[in-house]
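Hi everyone, thanks for coming. I'd like to walk you through one structure today, so please have a look at it before I start.

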Amino acid sequence: MSGRMNRQMQLGFTLVEVLIAAVIMFTVLATATLSFRGALVASERASKTTELLAPLPWITSTVRDKLRARVLETPTVEYSDDGAMFGVDYRFRAELVSFAPPPPRFDPDLADFIEYPPRFGLYDVELTLEREGETSSFIYQELAWRPPQL
């Protein structure tokens, strides 16, 4: 009969084995939940960043056009403006670094260099984008020029 009792005891799990298995299972579930939540937060943040930066090419083009319009009039030392495009608010500040002529060109017929008046403006631009509390700033240089006088 003792052989029969050993078999019956071996057919089930002990309470300690069940508790260890439960602890392992809940640890794996907690880790998976935290990983999923982290991935969800990262995905949401990436989506917000993409929505903020998507209109950047159009905004920089607008800034370039505004600076070129400034150079056509009278180049100012400092210029700032703001606006909104595709749900993104932007503001920029541009500072004129240099307003210079193109390099002199040698004219073989005259055997002399031809000097040109200044027409190229180099600006340091600080651009700030904002959408739904997300903000991103950029610093870059922009070249604007007057068309040559014919």
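Let's begin with a facing pair: R93 stands opposite E126 in strand 5. Before going further, a word on what we are looking at: this is a predicted model, where local features need pLDDT of at least 70, side-chain atom pairs count only at pLDDT 80 or more, and totals for chains, interfaces and linings use all residues. Residues are numbered from 1 along each chain as its sequence is written, and side-chain values use heavy atoms, with hydrogens and water left out.

Two strands pair if DSSP finds at least two bridges between them.

Strands 1 and 2 form a hairpin with two residues between them, and F86 in the turn has a positive phi of about 55 degrees.

On we go to strand 6 (residues 134-145), which pairs with strand 5 in the antiparallel sense over 12 bridges. These two form a hairpin as well, with two residues between them, and E132 in the turn has a positive phi of about 50 degrees. R131 stands opposite E134 in strand 6.

Put together, we get an open sheet of four strands in the order 1-2-5-6, with antiparallel pairing. Strand 1 (78-85) and strand 6 are at the edges with a single partner strand each, so one side of each has no neighbour in the sheet. On average, neighbouring strands of this sheet are turned by 20 degrees against each other, direction ignored. Axes here are lines fitted to C-alpha atoms, for helices over the stretch in contact, and angles run from 0 to 180 degrees between N-to-C directions.

What lies across the sheet strands 2, 5 and 6? That is helix 2 (residues 15-53), running at about 30 degrees to strand 6. Contact, by the way, means heavy atoms within 4.5 Å.

Leaving out residues up to four places away in sequence, T128 touches D89, Y90, R91, T135, S136 and S137.

Over in helix 3 (residues 56-73) we find W58.

Last stop: which residues line the largest cavity? They are K48, E51, R131, E132 and E134. By class, that lining has no nonpolar, no polar and five charged residues, where Asp, Glu, Lys and Arg count as charged, Ala, Val, Leu, Ile, Met, Phe, Trp, Tyr, Cys and Pro as nonpolar, and the others, Gly among them, as polar. A cavity is a set of points, on a 1 Å grid over the protein atoms alone, where a 1.4 Å probe fits but cannot get out, and lining residues have an atom within 4 Å of a point.

Conventions:
On a 1 Å grid over the protein atoms alone, a cavity is a set of points where a 1.4 Å probe fits but cannot get out, and a pocket is an open set with protein on both sides within 12 Å along at least five of seven lines; lining residues have an atom within 4 Å of a point.
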